[in-house]
Structures are given as structure tokens and as C-alpha cells.
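Let us walk through this model one piece at a time. Keep the sequence beside you as you read.

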Amino acid sequence: TASYAPYIQVNNTFYVLVSFMAKHTKNLLNGQASTMFIEDESATKQIYARERLTFDTVTSQVERDSHLWNTVLPQLKEKHGKILDILSEMQDFILVALKPTVGNYVNGFGSAYIVDENLEVINHRNDVNHQTK
């Protein structure tokens, strides 16, 4: 199930605060997910060639009030505002970590690259079908 959520990046891991009652959250808790960042449609010059980064991730729930929770949550609040004060207190909201494993970065026609777990480009994708290895 596809969805969206505000995130914060800490080192090479992305974190989202989401309700466990949402269908997409249940999917995140299966241990893996596909994640996409895509250029704003209104800012692109060519709708078919929007800049985008997609990657496979290993997912895990961050325990409430753990050291990691207490490190990441203030950064989420700083980036996304006071709504996090309310959401983080609601017991159905959980913090999920999304750790990239491999991905693809596309920034135009014929301009696709393999991205590693550190979000660094490692190869130009020059095969015909752009299939993930």
C-alpha cells in the first residue's frame, strides 16, 4: 500500500512517525518497504522525466522512549512543527526507521543510476530495461 509521510533523515536512515492503525504502517512493519522521493510536479520541466530517488529499505519500529526515539523525535519536531507534540503523545503513533539497501536515482531520460545503502551513486544504469540487480 502506497502512502506518504513527513520524514527526517539521520545519517543514512529515514524516520517517519505514523499511526499503526493505517494500512501502510502495517506493511512497513513487515521488515521491508520501497521508498520514493520525487520532484514536485509543479517544478518539473518534463513530467515524464521527474527527478526521483527510489530505494528498497529494511524497516523497523523504534521503541518509544528509547535513546533513538529521544534523539530522532526532537529533529522531527524541529523540521515539521508543533503537530509532532500532539502526534508523538498519541499511543497509536509509532516511529519507523527505513534503512536503504539499494536504489535508483533518475534525473532525466537515459540518466539513471544505481545508488548504494549510503545513498551514493555507484554505477550508471545503462541496461535497456533498468532492472534492479
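Two strands pair if DSSP finds at least two bridges between them. Helices (H or I, at least four residues) and strands (E, at least two) are themselves DSSP runs, numbered from the N terminus. This is a predicted model: local features need pLDDT of at least 70, side-chain atom pairs count only at pLDDT 80 or more, and totals for chains, interfaces and linings use all residues. Residues are numbered from 1 along each chain as its sequence is written, and side-chain values use heavy atoms, with hydrogens and water left out.

Start with strand β5. Its pairing with β6 is antiparallel and rests on four bridges. One of the residues involved is V106, whose bridge partner in β6 is A112. The hairpin of β5 and β6 has five residues between the strands, and there G108 takes a positive phi near 150 degrees.

β4 runs antiparallel to β5, joined by 11 bridges. Within that pairing, T54 has N104 of β5 as its bridge partner. β2 is also antiparallel to β5, with six bridges between them. Here L17 stands opposite L95 in β5.

How enclosed is β5? Of its 14 residues, 10 are buried, so the rest of the structure largely encloses β5. Buried means under 20% relative accessible area, exposed means over 50%, and partly exposed lies in between (1.4 Å probe, protein chains only).

Now move to helix α2, residues 67-80. The expected span of a helix is 1.5 Å times one less than its number of residues. For the 14 residues of α2 that gives 20 Å, and the end C-alpha atoms are 20 Å apart, which agrees.

Which residues of α2 are buried? They are W69, V72, L73 and L76. These residues cover an arc of only 110 degrees around the axis, which puts them on the same side of α2. The arc is that of the directions from the helix axis to the C-beta atoms.

The buried residues of α2 pack against β1 (7-10), β2 (13-19), β4 (52-62), α3 (83-87) and β5 (93-106). Contact means heavy atoms within 4.5 Å. Just after α2, G81 takes a positive phi of about 95 degrees. In the loop between β4 and α2 sits D65. Its phi is also positive, near 65 degrees, although D65 is not a glycine. D65 is exposed, with a relative accessible area of 57%.

Next, look at the rings. Rings of Phe, Tyr and Trp (its six-membered ring) pair if their centres lie within 6.5 Å; planes under 30 degrees apart count as stacked, over 60 as edge-to-face and the rest as tilted. The whole structure holds six aromatic pairs. One of them is stacked: F14 and F55, 5.5 Å centre to centre, with 25 degrees between the planes. This pair links distant parts of the chain, since F14 is in β2 and F55 is in β4, 41 residues apart. Both F14 and F55 are buried. Y7, F14, F37 and F55 form one aromatic cluster.

Finish with E51, in the loop between β3 (32-38) and β4. At 35% relative accessibility, E51 counts as partly exposed. The C-alpha atoms of E51 and N107 are separated by 4.4 Å, although the two residues are 56 apart along the chain.
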